[in-house]
Amino acid sequence: MVNQSGRLWQKRGTFVMAAAASAIGLGNIWRFPHELGTNGGSAFLFIYLACIALVCLPVMLAEALIGRVGGKGPVQSFSVISRLQGKSFITSSFWPLIGLMGALTGFMIASFYSVVGGWTLAYLLDAIVQGSTTTSEGSQVYFSKLESRVGFEILMMLLFIGLTAAIVYQGVVKGLERFLRILTPAILIMLVVLMLYSFSVGSPSQGLAYMFSPDFSKLSWGIVLKAMGHAFFSLSLGMGVLITFGSYTPKDQNLGQMILLVGVLDTLVALLAAAVIFPLVFAFDNLQVNAGPSLVFVALPQIFSVISWGGVFQIVFFALLLVAALSSMVSIVEPAISALENYFGWKRAQASHVIFGLVSALGIGCALDSAVFNTMDFVSANVLLPLGGILIALYVGWVLKPELYTDQVGLPTGLLRRIWMAMVCVVSPACIGWVLYNGLFNS
Ligand code: TRP
């Protein structure tokens with residue numbers, strides 16, 4: 001199917017850059033270290049890695065394939081495919097709902113994501129203007145004040161949403177492709193610089209030992225669910241981002257290889273971020289690794305305020321966090337925008353106004369009430385994304401006719417193909433379902 005609006009990435013490799021820019025975000029740098037810290041360190045890490053390799057990668061390929069075959073946004077791709085296959089109940093009515101559920105999940109994620117994006121902007125601006133976010137009362141006080149200065153918090157959040165809109169507004173090629181191709185390498189460079197710094201001033205041996213020496217005594221179904229939910233979140237999997245980006249990808253590009261590369265890059269960045277943060281946290285033994293969401297916003301600034309060159313590296317760190325957050329936020333809203341363009345024939349500007357208006361309203365809800373924030377976070381990452389993953393796998397395994405995609409370059413062949421099929425037909429959906437069931441009802 002031709003991508004009807006003619007929207008295709010212009011340069012080779014943009015799929016990798018864009019999908020990596022989407023995957024690498026607050027999830028890797030803010031969420032992963034604090035989840036690792038509160039859920040037993042390495043035990044969480046090993047479950048997380050297993051989820052990525054065994055469950056998520058096959059589903060990622062399935063998701064991107066739907067976009068490439070359908071050639072449209074996350075709702076319409078399913079309708080296009082059902083038209084190609086000949087309608088029947090099982091192929092037509094139900095499946096576009098996956099796309100709708102994805103758009104809804106996107107709103108939920110965008111709302112709390114933009115609050116954290118706003119915090120990041122506030123920290124970066126303060127680090128530049130004042131040289132530090134640590135007042136004489138300490139960084140904990142700064143963070144609590146930021147949360148209680150609701151007007152300022154909301155202003156920063158709206159600014160973050162505005163920056164996202166400025167990129168999205170310019171379209172698939174001039175906006176997304178142009179920016180995402182620059183932002184991803186910038187993230188990698190900043191991370192490596194920070195890691196060298198952290199290793200030289202912090203305590204790498206303790207930090208790395210905490211990350212890699214396994215302690216399975218802490219394991220529970222709750223932790224397994226969190227690790228799996230986080231794997232989905234971190235890979236931007238299960239809500240249609242990859243369907244959308246897959247639809248912008250020309251058919252001569254190797255989807256399988258590109259997906260693998262995105263998975264590897266995303267995991268590498270999460271590990272690098274943890275390798276920046278934990279050596280610093282362990283070098284100051286009065287700080288707690290299990291601080292939770294405030295780990296990056298309280299513990300780190302406190303450390304930066306006392307170590308040499310801390311002021312400069314604080315700016316680098318929050319610039320990194322901002323770039324990572326921004327390039328992911330773009331992808332969180334893109335499926336909904338693409339769906340509105342396809343469904344109502346709206347212009348990008350029109351679709352953007354509606355989407356960013358809604359996201360701002362929901363974001364204000366999250367900023368005002370931390371219960372709303374936490375619910376949005378838990379329900380989207382730990383319930384809706386895995387559910388989306390199950391449905392996507394079942395769709396590609398059982399409904400999508402192989403004739404429609406067998407000629408695609410870069411899909412696994414031979415034995416690898418059979419393994420992938422077994423994964424998407426049975427193994428991945430069963431594992432995800434099992435973890436969801438136990439994590440929600442048995443922990
Ligand atoms: N993966 C991003 C992160 O790690 C967040 C993100 C972007 C996302 N797009 C998404 C999460 C789509 C789920 C679905 O920060």
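Which cavity is the space taken by the ligand? I found that the ligand's space is the largest cavity. I took a cavity as a set of points, on a 1 Å grid over the protein atoms alone, where a 1.4 Å probe fits but cannot get out.

I noted the basis next. This is a predicted model, where local features need pLDDT of at least 70, side-chain atom pairs count only at pLDDT 80 or more, and totals for chains, interfaces and linings use all residues. Residues are numbered from 1 along each chain as its sequence is written, and side-chain values use heavy atoms, with hydrogens and water left out.

I looked up the shell around the ligand.

I then checked polar contacts (N or O pairs within 3.5 Å). A ligand oxygen is 2.7 Å from a polar backbone atom of Gly 27. For Leu 26, a polar backbone atom is 3.1 Å from an oxygen of the ligand. Ser 236 has a polar side-chain atom 3.0 Å from a ligand nitrogen. Alone, the ligand exposes 360 Å² (Shrake-Rupley, 1.4 Å probe), and the protein buries 100% of that.

Last, I looked for salt bridges (side-chain nitrogen of Lys or Arg within 4 Å of a carboxyl oxygen of Asp or Glu). I found four in the structure. One of them joins Arg 31 and Glu 35, at 3.9 Å from N to O. Both lie in helix 2 (a DSSP run of H or I, at least four residues), four residues apart, about one turn.

Note on methods
Polar contact = N/O pair within 3.5 Å; in protein donor to acceptor, adjacent residues only side chain to side chain. 1 Å grid on protein atoms, 1.4 Å probe; cavity = no way out; pocket = protein on both sides within 12 Å on 5 of 7 lines; lining within 4 Å. Sits in = over half its atoms within 2 Å of the grid points. Helix = DSSP H or I, 4+ residues; strand = E, 2+ residues; numbered from the N terminus.
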